[in-house]
Every structure is written in C-alpha cells, then in structure tokens.
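Subject: Structure handover

Hello,

My notes on it follow below.

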Amino acid sequence: MTAPTTTRRLLPLLTPDQISALKPELVDVIEYRKSGLSLNHIVGCPLECGYCVRHLFDNFDMKTPRRLMSDEAAVAQLLTHPYFRPHQTPIQLLNRATDPMLPLVKPHVFSVLRQLDEQGLTNHVLVITRWRVSAEDCAALNSFKNLRLTILVTHSGIDNPAIEPVNSTYAADSLRMLYEHAERYRTVLYWRPIVPGLNDCAEHIERARELSLHAHATVFTGLFFREEIAAYYQGNGLPMPYEDTARRKIMPEDAETRILDTIKAAEQSGAPWGTLFRKTSCGVAFAHGGATTTATTGCGSCATSARPARSPCARRHGPSPIRSRSAARRAPLGQSATLRSTTVPSSWRDWTSRPATSCSTGSATSATTATNLTSTASTAGPPSAGRRRTDPTLHELRLLARAARRRRRGQRNQPA
C-alpha cells in the first residue's frame with residue numbers, strides 16, 4: 001500500500017494575543033518528561049473526555065484545534081532542545097492538548113513525522129489516539145522508513161457519555177485497522193483509564209482480551225485524577241471515582257489483582273491474551289523487539305508471571321551506572337545539579353518518583369520531587385506506592401561496572 005498524496009489544509013495559527021492568554025505550560029511546546037520529550041504545538045480538542053489532562057492547563061473549553069507555530073518551527077525546537085539525543089530520546093507527539101488523528105490535526109502529524117524521518121532519525125516516536133484511523137492513514141504511517149513509530153490506541157470501554165462522549169468502538173475499529181496494515185510501525189492497545197466499578201467488570205475485561213489479540217502489545221493503567229479534574233467532575237455532577245486526588249495515576253491493587261486473576265483463569269481455559277504490561281515504555285519496547293528505553297530490568301512491569309522471561313529486558317541490561325552518570329553530567333544542568341544514580345527496584349512496589357537520571361534523554365531531572373506517595377479511596381495503595389531502595393554506594397557502583405564488563409566480554413566470546 002502506498003501513501004496517499006493529498007492537499008493539506010493548514011490549521012490557523014493563534015495570534016500573539018491569543019497565545020499570551022494561555023497558561024505558560026501550554027505555550028511551551030517541548031515538555032520534558034521522564035520517558036522522553038513531548039512535542040505539543042497544536043492545542044484544542046472537541047472530544048470532551050471528562051478526565052482529560054487539558055483541565056490542568058485551563059484549556060478544556062478550547063474545542064477547535066489551533067497551532068502555536070508551524071510544523072517546521074516545532075521540529076526545529078525539538079531537534080535543538082538541550083535534552084534531545086538523535087536515535088536515543090523517545091518522542092511523543094501531541095499527547096497533551098489534542099488528539100493527533102483528528103481530521104484537521106493528522107496532516108500536521110504526518111508532516112512532523114516526515115521531517116523527522118527525512119533526518120534519518122531512528123528514535124522511538126509515540127502517537128496516542130482514540131479517534132478514527134483509516135487504511136489511507138496506515139499507508140502514510142507505513143511510509144516512514146527510519147523512525148521506530150508506535151501508534152497507541154486508547155480504549156477504555158467506558159459507556160457513560162457524560163464522562164467519555166467518544167464511543168469506544170471508534171478506538172476498537174482503529175486498533176484492528178492499524179494492526180491489520182502494520183508494516184513499518186507497531187500498534188499498542190492502551191487499555192485506560194481503568195476505574196473500579198465503571199469499566200472493570202468481566203464484560204469489560206473480556207472485551208480487552210479480544211482487542212489485545214489485535215495489537216503488538218497491551219498496556220493497562222488507571223485514572224489520572226488531579227484536583228482540576230475532580231473539580232470538573234463535581235461541577236458537572238459526575239460520579240466521583242475516588243474520595244481523594246493523587247499526583248500519579250490511580251490503580252487500586254485490588255482492581256489490578258482482579259484483572260490479572262481473570263487473565264490467568266482465561267489463559268488456563270485456553271482463551272488467548274495479548275502480551276500485557278503496566279508501563280508504556282515496556283509495551284512499546286516489546287512491540288519493537290527491544291529492551292525498555294527507561295534502562296531498567298527486573299522492574300516487574302510485565303504483568304503476568306510467564307511473560308518477563310520472554311521480554312528482551314530479561315536478557316539485555318540497560319547502561320552501566322558509570323555511563324548513566326557520564327550522560328547526566330553532559331546535560332545542561334549536570335554540572336550544577338545533584339545527581340542521583342538510578343537503582344533497579346525489585347518489583348513495582350519499590351517504585352516512587354524521586355529525582356533520577358534519565359538515560360533516554362541523557363539528562364538529570366528533578367521534575368518530580370514530592371516525597372508524599374499517592375493514595376486512593378480504597379484501602380489498597382496504587383501500584384506506584386512504595387519506597388525506592390537506597391542508592392548504591394561507590395563500591396557497589398564499581399562492582400556493577402565490573403559485572404557489566406564481564407558480561408560484555410562473555411558476549412564477545414560467544415560463538416557466532
């Protein structure tokens with residue numbers, strides 16, 4: 001299938017006065033995230049999902065997409081960003097203030113992808129959508145030869161139109177279409193947000209099982225429920241999913257356990273499931289046949305006990321601590337910031353969001369420094385709860401580096 005050639009209708013640019021009325025966070029088109037860089041030069045979305053992160057930017061009422069700058073200027077900002085590393089830094093496109101597959105938005109998405117691909121870049125690029133994807137769109141996505149492109153299709157199965165007006169069948173149809181035509185890209189079922197009592201019954205889980213067979217990987221997660229979103233729920237008379245808000249996504253342990261138990265029982269009865277992950281980076285890495293871009297191993301993100309052995313992360317470790325520190329010190333803040341080495345948690349219970357070194361961007365980050373852990377309305381804590389293990393001592397770092405050298409020598413000495 002060849003990519004279609006169509007005349008582009010450009011989205012209007014916001015005027016300087018309109019831009020000045022936006023929150024500064026929304027005007028900053030390059031967002032530094034722990035998992036890479038996020039490019040967001042288009043704002044405005046008509047889909048009106050009640051839990052949308054646009055509530056955090058006071059931009060939920062902007063229904064018509066508009067550009068902050070041209071696609072060329074946005075790409076230039078991304079490629080010259082101090083944290084961007086060619087072939088290394090994961091990139092997310094338009095995941096904050098619009099849906100990238102809206103009819104008026106996707107020509108700009110294809111333009112950005114084309115410009116990045118023509119640079120010969122092999123970075124991971126993530127596009128997240130819940131809207132319609134056509135066979136022509138798939139042809140355009142298959143035309144990019146260098147980028148490691150992943151389309152993540154958000155599907156929740158929530159049937160309350162006041163919370164999610166977009167019918168989930170759109171996402172289901174798009175997932176099947178993308179999977180059927182996938183050649184150079186990969187597609188991931190983004191099963192989210194899972195909210196207890198709303199979309200976690202046996203019927204919803206069975207629907208996710210069927211859809212997981214039409215994806216290269218499945219990632220499931222909970223609800224991002226901040227104060228601004230809670231205020232919207234209260235103001236519009238929506239049922240409150242939790243009594244309290246949290247800084248990170250809420251996924252009560254009992255809901256997760258019920259889902260995993262259902263999956264295990266289904267597999268034992270012979271009903272197949274797609275490969276399931278808790279973390280997006282792990283699902284994307286598996287879909288492309290590589291190790292996770294967050295340079296962790298043994299983190300327990302593979303959801304079922306039989307799956308970690310199949311993951312490339314079980315066979316391929318991330319960068320050595322010495323390499324991680326070296327990359328962090330080359331970053332713009334590396335000489336002045338206090339660097340912390342990243343330790344590998346023994347399971348998801350050991351995760352928290354202390355400042356850490358990101359090997360995907362080669363930079364030290366202190367973007368998340370809160371020491372309070374998230375809480376939920378249920379008695380069980382979310383999977384992100386727990387404490388990070390103590391940072392390794394200098395002696396332990398030397399031992400780790402020595403083990404890494406032995407491992408590399410062993411790999412070189414193995415017969416071809």
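**Overview**

Of the 416 residues in the protein chain, 51% are buried. Buried means under 20% relative accessible area, exposed means over 50%, and partly exposed lies in between (1.4 Å probe, protein chains only). This is a predicted model: local features need pLDDT of at least 70, side-chain atom pairs count only at pLDDT 80 or more, and totals for chains, interfaces and linings use all residues. Residues are numbered from 1 along each chain as its sequence is written, and side-chain values use heavy atoms, with hydrogens and water left out.

The protein chain has 12 helices and 12 strands. Both are DSSP runs numbered from the N terminus: helices are H or I with at least four residues, strands are E with at least two. Take the contacts in the protein chain between residues at least 6 apart in sequence: 76% of them join residues at least 24 apart. Contact means heavy atoms within 4.5 Å.

**Helix α4 and its partner α5**

Start with α4, residues 106–118. Its 13 residues should span 18 Å at 1.5 Å a residue, and the end C-alpha atoms are 18 Å apart, which agrees. The expected span is 1.5 Å times one less than the number of residues. α4 is mostly covered, with 11 of its 13 residues buried. Among them are F110, V112, L113 and L116. Just after α4, G120 has a positive phi of about 75 degrees.

The α4 axis comes within 10 Å of the axis of α5 (residues 135–142), and the two cross at roughly 15 degrees. Axes are lines fitted to C-alpha atoms, for helices over the stretch in contact, and angles run from 0 to 180 degrees between N-to-C directions. α4 and α5 are therefore roughly parallel to each other. The cut-offs are under 35 degrees for roughly parallel, over 145 for roughly antiparallel, 65 to 115 for roughly perpendicular, and oblique for the rest.

The crossing of α4 and α5 is left-handed. That term applies if the near helix is turned anticlockwise from the far one by less than a right angle; clockwise is right-handed. On the α4 side, K106, F110 and L113 make the contact; on the α5 side, D137, A140 and L141 do. By class, this contact has four nonpolar, no polar and two charged residues. Ala, Val, Leu, Ile, Met, Phe, Trp, Tyr, Cys and Pro count as nonpolar, Asp, Glu, Lys and Arg as charged, and the others, Gly among them, as polar.

**Helix α6**

α5 also packs against α6 (residues 168–181), at about 45 degrees with the axes 10 Å apart. α5 and α6 are therefore oblique to each other. Their crossing is right-handed. A135, C138, L141 and N142 of α5 meet M177, L178 and H181 of α6. Here the classes are five nonpolar, two polar and no charged residues.

S174 also sits in α6. It is buried, at 2% relative accessibility. Leaving out residues up to four places away in sequence, S174 touches W131, R132 and V133.

**Backbone points to check**

Most residues other than glycine have a negative phi, and most peptide bonds are trans. What departs from this? The peptide bond from R192 to P193 is cis, with omega near -15 degrees. P193 is in the loop between β8 (186–191) and α7 (202–212).

E48 has a positive phi near 60 degrees. D58 has one of about 55 degrees, and it is not a glycine. E48 lies in the loop between β3 (42–43) and β4 (66–67), and D58 is found in the loop between β3 and β4 too. E48 is partly exposed at 36% relative accessible area, while D58 is exposed at 63%.

Best wishes
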